[in-house]
Amino acid sequence: MFISSAFAQTAGGPGAGGTDMLIQFAPMVLILVVFYFLMIRPQQKRAKEHRALLAAVRRGDTVVTNAGIIGKVAKVQEGEVLLEVAEGVRIRILKSTVAEVRTKGQPVADDEKSA
């Protein structure tokens, strides 16, 4: 007696199941789209800009590394940069560790003038 009433209360035919499944996956698809536009796409843009920055490094540029070392580029090789950090002191660093390029023509900031 209980079994027959349980079968009677089940959902409609097979067509209704497809709509329910679509409604269940819609929030997941929406979350993936939001993640793409808010996280993945900006990161790809920053990576592309960084690759262009590294390709434009030339001898005589002042650069800042990820470690905070500031120096003038003495020589650019395939994957390395020879960086002059003081007069007569040169270090080899990986080209990928360059975080910022300050070219020769960049003005000095106010806080750097007072130091």
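**Reading the labels in this model**

Reader: Why is valine 89 called partly exposed?

Author: In this predicted model, valine 89 has a relative accessible area of 39%. A residue is buried under 20% and exposed over 50%, and 39% lies in between, so valine 89 is classed as partly exposed.

Reader: Where does valine 89 lie, and what is valine 89 in contact with when its neighbours within four places in sequence are left aside?

Author: Valine 89 lies in strand 4, and, with those neighbours left aside, valine 89 is in contact with Leu83 and Glu84. As for glycine 71, which is 18 residues apart from valine 89 along the chain, the C-alpha atoms of the two are separated by 9.9 Å.

Reader: What makes the pair of tyrosine 36 and phenylalanine 37 an aromatic pair, and how do you know that it is edge-to-face?

Author: The count comes to 1 aromatic pair. Tyrosine 36 and phenylalanine 37 form that pair, at 5.2 Å centre to centre and with 80° between the planes.

Reader: Why do tyrosine 36 and phenylalanine 37 both count as partly exposed?

Author: Tyrosine 36 has a relative accessibility of 36%, while phenylalanine 37 has a relative accessible area of 47%. Because the class runs between 20% and 50%, tyrosine 36 belongs to it, and so does phenylalanine 37.

Reader: What does the side chain of lysine 95 reach, and where is the place of lysine 95?

Author: The side chain of lysine 95 reaches the backbone oxygen of leucine 54 at 3.5 Å. The place of lysine 95 is in the loop between strand 4 (89–94) and strand 5 (98–102). Leaving aside its neighbours within four places in sequence, lysine 95 is in contact with residues including Leu54, Val76, Glu78 and Val81.

Reader: What is the secondary structure of the chain, and how do its elements run?

Author: The chain comes to 3 helices and 5 strands, which from the N terminus on run α-α-β-β-β-β-β-α. Buried residues make up 13% of the 115 residues.

How values were computed:
Residues are numbered from 1 along each chain as its sequence is written. This is a predicted model: local features need pLDDT of at least 70, side-chain atom pairs count only at pLDDT 80 or more; totals for chains, interfaces and linings use all residues. Side-chain values use heavy atoms; hydrogens and water are left out. Rings of Phe, Tyr and Trp (its six-membered ring) pair if their centres lie within 6.5 Å; planes under 30 degrees apart count as stacked, over 60 as edge-to-face and the rest as tilted. Buried means under 20% relative accessible area, exposed over 50%, partly exposed in between (1.4 Å probe, protein chains only). Helices (H or I, at least four residues) and strands (E, at least two) are DSSP runs, numbered from the N terminus. A polar contact is a pair of N or O atoms within 3.5 Å; within protein, one must be able to donate a hydrogen and the other to accept it, and residues adjacent in sequence count only if both atoms are side-chain atoms. Contact means heavy atoms within 4.5 Å.
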